[in-house]
Amino acid sequence: MSRSRRDLVWIPTFAVLVAFAVPWPLWGVDRVVAGLPVWIWWHVAWLGLCTVLFSRFVESGAWERGMGRRPESENGSALGGDRR
Amino acid sequence: MTLGLSLGIVTGYLLFALAVGLVAYRVSEATAEDYYLANRSIGTVVLLFTTFATLLSAFTFFGGPNLAFAAGPEWLIVMGTIDGVLFAVLWYAIGYKQWLIGNRNGYVTLGEMLGDRFGSVGLRALVAGVSLLWLFPYVMLQQMGAGEALVGLTGGAVPYWGGAALITTFMILYVVLAGMRGVAWTDTVQGLFMLSVVWIAAAWVVSAVGGVGTATGAMLDARPDFGSFGGGTYTPGFIISTAITIAFGVTMFPQINQRFFVAKSGGTLKRSFVLWPVLVLLLFLPAFMLGAWAVGMPVEVPEGANVLPVVLNEYTPTWFAALVIAGAVAAMMSSSDSMLLSGSSYFTRDVYRPVINADASERREAWIARVGVAAFALLAFIASLFRPGTLIEVGDTAFSGFALLALPVICALYWDRTTRTGMIAGVLVPQIAYLAVVLSAVVGAVPTLPRTVAGGWDVALGLMVLSAALTVGVSLVTAPTADSDASRFAVTGD
């Protein structure tokens with residue numbers, strides 16, 4: 001049960017990932033860093049972070065448990081789940 | 001000579017895409033599952049790119065850079081948030097759930113899934129009808145985009161209607177000849193191709209103007225407001241409501257929604273989900289920055305042309321500019337084909353067969369589907385000649401219309417207590433309200449209802465809330481009908 005409870009952390013995590021994909025704290029900031037406005041870099045880094053956390057979500061098995069199913073590969077070595 | 005070269009490259013590329021589709025068609029079987037879903041056998045790379053290419057429409061490719069050119073590079077943030085993050089989360093919440101359900105019960109369309117769950121042919125036809133309604137402006141958008149692209153590429157030698165007619169012809173040819181397998185394969189080829197050329201294009205243009213820093217500097221000299229985040233068009237209301245309506249709308253697009261049924265395995269969906277944000281960024285960053293940088297470049301963008309072809313014509317050789325436009329037009333063709341194909345399956349399976357003619361033979365059904373596609377594309381072509389708005393405006397209208405379906409569907413997927421009456425109220429009422437808003441802008445006789453309120457908030461966002469409230473509220477006060485069966489949506493136990 002503790003596993004599924006820990007899975008609940010993903011809900012606020014996803015909420016934060018969605019909410020701050022828009023660089024709200026940099027509203028009105030016009031600094032240019034390395035050739036691009038700094039808020040564009042925020043966004044680039046943020047989407048990178050999303051991919052990292054999304055893969056953690058999948059690997060942890062929360063992907064399956066979230067749908068009420070048991071993860072097919074409990075050790076979650078790859079992004080697996082398919083039998084090929 | 002250069003005109004001939006450009007047109008030759010564009011037509012040649014479209015023919016090449018057609019050939020890929022035909023080869024894929026040869027290896028397919030003649031069943032509905034194969035024609036529409038490629039037998040649920042699509043692997044990660046193809047699923048990823050076929051979904052990607054479906055987003056790779058005129059909206060992204062020409063509309064996006066145009067808006068970045070006119071209003072600033074914040075569009076990158078809006079689209080990245082929509083497609084890269086919010087859509088990915090919905091990909092899991094709606095997409096994976098639908099895949100699990102569809103895999104168990106053999107569904108091909110959203111309407112079929114809901115109709116079966118609630119035991120209602122009416123609901124099935126309603127969902128299909130609503131989807132077809134909003135598909136119309138989006139197909140039209142591709143024709144508008146292609147028309148404007150060829151104007152930009154050829155400096156007006158090819159008229160707007162010519163480009164629109166060219167893509168319409170290829171769209172019809174393609175759908176009639178191939179099927180989902182064909183579309184999925186050309187999408188993959190085109191997705192990879194577009195991703196590569198857009199980076200080459202950006203590198204080429206940036207090095208011609210003296211580097212990224214110089215390009216940004218020139219942009220800021222011309223439009224100092226482009227440097228700071230927010231402002232102008234980009235109010236918080238605009239950013240939030242655009243992000244929400246588009247992301248939810250995308251999941252309900254027939255061609256995207258049907259992708260949720262086609263994956264070979266759950267693993268395919270997982271890998272696509274993980275790679276999605278980065279893939280989206282890789283496309284949007286160069287495409288939209290080129291649009292924004294163009295304000296600082298000594299280029300003249302003619303009225304009604306797209307900015308991207310103009311920039312490419314200025315800084316890259318003719319053949320390369322033509323190749324990028326060809327790729328974009330082909331990608332748009334492919335997107336449109338996915339839409340038309342899914343649209344035709346919605347029409348034949350959810351409207352024609354259950355409502356009009358239950359005893360139609362397979363042959364007749366296939367014939368109806370193809371004639372339907374041709375008629376739909378031709379009507380959209382005619383409507384595209386009137387150019388009722390910018391690419392972004394037309395696209396946004398369609399996205400919002402679809403977005404109104406999303407919350408009732410989520411309700412049905414996750415809440416067993418949802419009833420048929422709740423679903424019908426939650427779908428129908430907001431659609432009628434939104435249609436009134438949209439049509440009031442087109443019909444001259446009635447006063448135009450506002451599309452946005454209080455600084456950029458889209459009324460569609462309010463209607464989405466209404467759709468959820470109606471679905472839940474009406475479900476609570478009505479009893480489930482005898483024909484409905486919540487266990488159809490169970491995904492655990494065998």
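A:Glu64 lies in helix α4 of chain A, which spans residues 62–65. In this predicted model, the side chain of A:Glu64 forms a salt bridge with that of B:Lys270, at 3.3 Å from N to O. This residue pair belongs to the interface between chain B and chain A, across which the rule finds one salt bridge.

**A:Glu64 and its partner**

- A:Glu64 has a relative accessibility of 2% and therefore counts as buried, the cut-off being under 20%.
- The side chains of A:Glu64 and B:Lys270 are also joined by a polar contact of 3.3 Å.
- Between chain B and chain A, eight residue pairs are in polar contact, with both residues of each pair at pLDDT 80 or more.

**The side of chain B that touches chain A**

- Four helices of chain B each supply at least two residues to the side that touches chain A: α5 (74–105), α10 (212–222), α11 (236–252) and α13 (266–293).
- Helix α5(B) provides the largest share of that side, with 16 residues.
- Sorted by class, the side of chain B that touches chain A comprises 31 nonpolar, 13 polar and five charged residues.

**Extent of the interface**

- In terms of contacts, 49 residues of chain B meet 40 residues of chain A.
- The area buried between chain B and chain A is about 3800 Å², and 78% of it is on carbon and sulfur atoms.
- Within chain B, the residues that lose the most area to chain A are B:Tyr92, B:Phe229 and B:Lys270, which together make up 20% of what that side buries.

**Aromatic pairs**

- Over all chains, the rule gives a count of 38 aromatic pairs.
- One of these is the edge-to-face pair of A:Trp10 and A:Phe57, with 5.2 Å from centre to centre and 75° between the planes.
- That pair links distant parts of chain A, as A:Trp10 is in helix α2 (residues 10–19) and A:Phe57 in helix α3 (residues 38–59), 47 residues apart.
- A:Trp10 and A:Phe57 are both buried.
- A further pair, A:Trp39 with B:Phe229, is tilted, with 5.1 Å from centre to centre and 40° between the planes.
- The pair joins two chains, because A:Trp39 lies in helix α3 of chain A and B:Phe229 in the loop between α10 and α11 of chain B.
- A:Trp39 counts as buried because its relative accessibility is 0%, where the cut-off is under 20%.
- B:Phe229 has a relative accessible area of 1% and is likewise buried.
- Ring pairs also connect residues of both chains into a cluster: A:Trp10, A:Phe14, A:Phe54, A:Phe57, A:Trp63, B:Tyr92, B:Tyr96, B:Trp99 and B:Phe273.

**Chain B as a whole**

- Chain B contains 19 helices and two strands.
- Chain B has 494 residues, of which 63% count as buried.
- Of the contacts in chain B with a separation of 6 or more, 86% are between residues 24 or more positions apart.

Methods. Residues are numbered from 1 along each chain as its sequence is written. Chains are lettered from A and ligands numbered from 1 in the order in which they are written. This is a predicted model: local features need pLDDT of at least 70, side-chain atom pairs count only at pLDDT 80 or more; totals for chains, interfaces and linings use all residues. Side-chain values use heavy atoms; hydrogens and water are left out. Contact means heavy atoms within 4.5 Å. Buried area is the accessible area (1.4 Å probe) that two parts lose on being put together, summed over both. A salt bridge is a side-chain nitrogen of Lys or Arg within 4 Å of a carboxyl oxygen of Asp or Glu. A polar contact is a pair of N or O atoms within 3.5 Å; within protein, one must be able to donate a hydrogen and the other to accept it, and residues adjacent in sequence count only if both atoms are side-chain atoms. Ala, Val, Leu, Ile, Met, Phe, Trp, Tyr, Cys and Pro count as nonpolar, Asp, Glu, Lys and Arg as charged, and the others, Gly among them, as polar. Rings of Phe, Tyr and Trp (its six-membered ring) pair if their centres lie within 6.5 Å; planes under 30 degrees apart count as stacked, over 60 as edge-to-face and the rest as tilted. Buried means under 20% relative accessible area, exposed over 50%, partly exposed in between (1.4 Å probe, protein chains only).
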